[in-house]
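Reader: I'm new to this one. Can you walk me through how the pieces pack?

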Amino acid sequence: MAINENIKSNLNAACELTVRLNELVVLGNDETKEGDALREALHGVWIELPKQQRDLIQYLSADLDLLSGTETVVISKVAVPRKSSRKPGAVQPPNLRHRVNKAIELGHWKGVLDLIRLDPIIWTAAQRAFLRAEAYRRIGLPAAAVAFYRFALTLEPKEWAYRTGIIQSLMAGSDIRELEAEIANVTRDPEAPAGALIISAAALCRQFAATRGEERRAYAERVVDLTLLGLGKPLDIATREPRLRYRARFMAAIALAELGKLRDAVAQASEGIRECPEIPQLYIFRGVLNFQLGEQYVEDFAASVKFGTTDPVPYGIMASDSFRRRNFRECLELSKTGLSLDPRPEFKAMFLMFQAISQFELGGSSAGALRLFEASRELDPENKTIQRNFDIMKARATQERRQRFTDYLYTPDVVTSTLNKNREELMSGLPIEDFTESGRLAAMMA
Amino acid sequence: MYVPKKYKAIAVGAKGNNSSSIWRHGDGPFENSKIDDRLSLHCATPVKGLVQPRTKMQIADFQLALAGTRQNWSEVPYGDQ
């Protein structure tokens, strides 16, 4: 369900106020001026919401009754059709537990909430709280998620999934102090499992990405320490999933690179690739590091292309390499693919230049090639390589291709400048915020 | 959010102050209709309506007319009642 930013902001405000009001109810302090002021503020944002989001808040309010021990069975419209969880030919409809598991599997979190309300008591209070916490977190209401995780934690204080859930929820918010306090709880506990440490590192990684200078370096050091500490522990239910392990390696590599430890960063990226060899971003990142170290880097970008990256940069680097080897057919194909990925103007200019030269060298008309060059120059008028190659191309066109291929200027400035640009821009595809393991919920609910 | 908590069995998520109550007037369907000689109910949606004067009148008269309906109000029962 895509909703605009304004609705999202009102929805989160309504959620936070609902949770706060419920806290007063639990304490028996809601029939006060403060309680009435909260109700008024809540009504103010709630009334601005579309019906679907109003309902979500209303049902959240009902779900929160779990925390005061006053939960009632709520008959609501169930969003998950029975059919979707029924095997063909089955006579009996699957039970509620099965339907909830199916909804989890399908990522249908609103359906999970609706189904639990049908008969809440078939789950323990801690399970209900955990399921609701996970669902509200996925729906994008972190304040509600935190309230349910915290409640679950009061019932089962040793359950690490609740603590990591709180951290994951707080990652989505802006309360750094609360987040730091939770991370501190995890890191000072010698029994903290690998998954909790890595998820704490992921939360720090987000802070690291949002800061600069010394503060950033300090975050980078903590990310490295926590990640490596986590990876050094025995695998737990979270880290048994290779996708979490590769993300951990990726985080460590990014943080190590920030600290200038490029060779260590390459080693971590390589470990990540060993865990999950099909992730193109890891190859791109290692390629950038290898480029900075003066090592072979083209193979990494080639691998990212092989695994279907949608980042145009590797196509530019590959096209540049094909161009250097005078493989104009390959260069043409890579440039076309790169152009189809809607690159930034300077990259588009480079692809057009490669396309112009390749087409011409493969026997295309000079008029067509010159048109492509014109478009390229328009996009990046300051690029001297494009200007120089344009002149050579024109000369070759008039001299009927007598000039040698090697006269083209090979090194496109844009490739080297891109490789030197900020790392996190290249890393934008890193999904650090979603550290949830699909198997964990199922295992806990079994 | 204003519906008192005591009504949670009939109003999902009710978290309002329990010092308030819900009152009922009449038994007819919730639709545009005459309440008495001076007032009518105008329903904007199937769940939201406004009691308004049937003819032009002073605010004080409108308030008196509303107060005149008080004797026909009955408190909506909740929970264990």
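**Helix packing and a chain contact**

Author: Helix 17 (residues 312-324) of chain A and helix 18 (residues 328-340) of chain A pack with their axes 8 Å apart, at an angle of about 165°. This is a predicted model, where local features need pLDDT of at least 70, side-chain atom pairs count only at pLDDT 80 or more, and totals for chains, interfaces and linings use all residues. Residues are numbered from 1 along each chain as its sequence is written, with chains lettered from A and ligands numbered from 1 in the order in which they are written.

Reader: What counts as a helix, and what is an axis?

Author: Helices are DSSP runs (H or I, at least four residues), numbered from the N terminus. Axes are lines fitted to C-alpha atoms, for helices over the stretch in contact, and angles run from 0 to 180 degrees between N-to-C directions.

Reader: ok, which way does helix 17 of chain A run relative to helix 18 of chain A?

Author: Because of that angle, helix 17 of chain A is roughly antiparallel to helix 18 of chain A (over 145 degrees counts as roughly antiparallel, under 35 as roughly parallel). The crossing is left-handed, meaning that the near helix is turned anticlockwise from the far one by less than a right angle.

Reader: Which residues make the contact?

Author: Helix 17 of chain A contributes residues including A:Tyr315, A:Met318 and A:Ser322, and helix 18 of chain A contributes A:Cys331 and A:Leu334, among others. Two residues are in contact if their C-beta atoms, placed from the backbone, lie within 7 Å. The contact residues divide into seven nonpolar, five polar and one charged (Ala, Val, Leu, Ile, Met, Phe, Trp, Tyr, Cys and Pro count as nonpolar, Asp, Glu, Lys and Arg as charged, and the others, Gly among them, as polar).

Reader: And how is helix 17 of chain A placed against helix 19 of chain A?

Author: Helix 17 of chain A packs against helix 19 (residues 345-361) of chain A at about 30°, with their axes 11 Å apart. That makes helix 17 of chain A roughly parallel to helix 19 of chain A. A:Pro312, A:Gly316, A:Ala319 and A:Phe323 in helix 17 of chain A meet A:Phe347, A:Met350, A:Phe351 and A:Phe354 in helix 19 of chain A. By class, that is seven nonpolar, one polar and no charged.

Reader: New topic. How many residues does each chain give to the contact of chains A and B?

Author: Chain B gives eleven residues and chain A gives 17. The chain B side has four nonpolar, five polar and two charged residues.

Note on methods: Helix = DSSP H or I, 4+ residues; strand = E, 2+ residues; numbered from the N terminus. Parallel < 35°, antiparallel > 145°, perpendicular 65-115°, else oblique.
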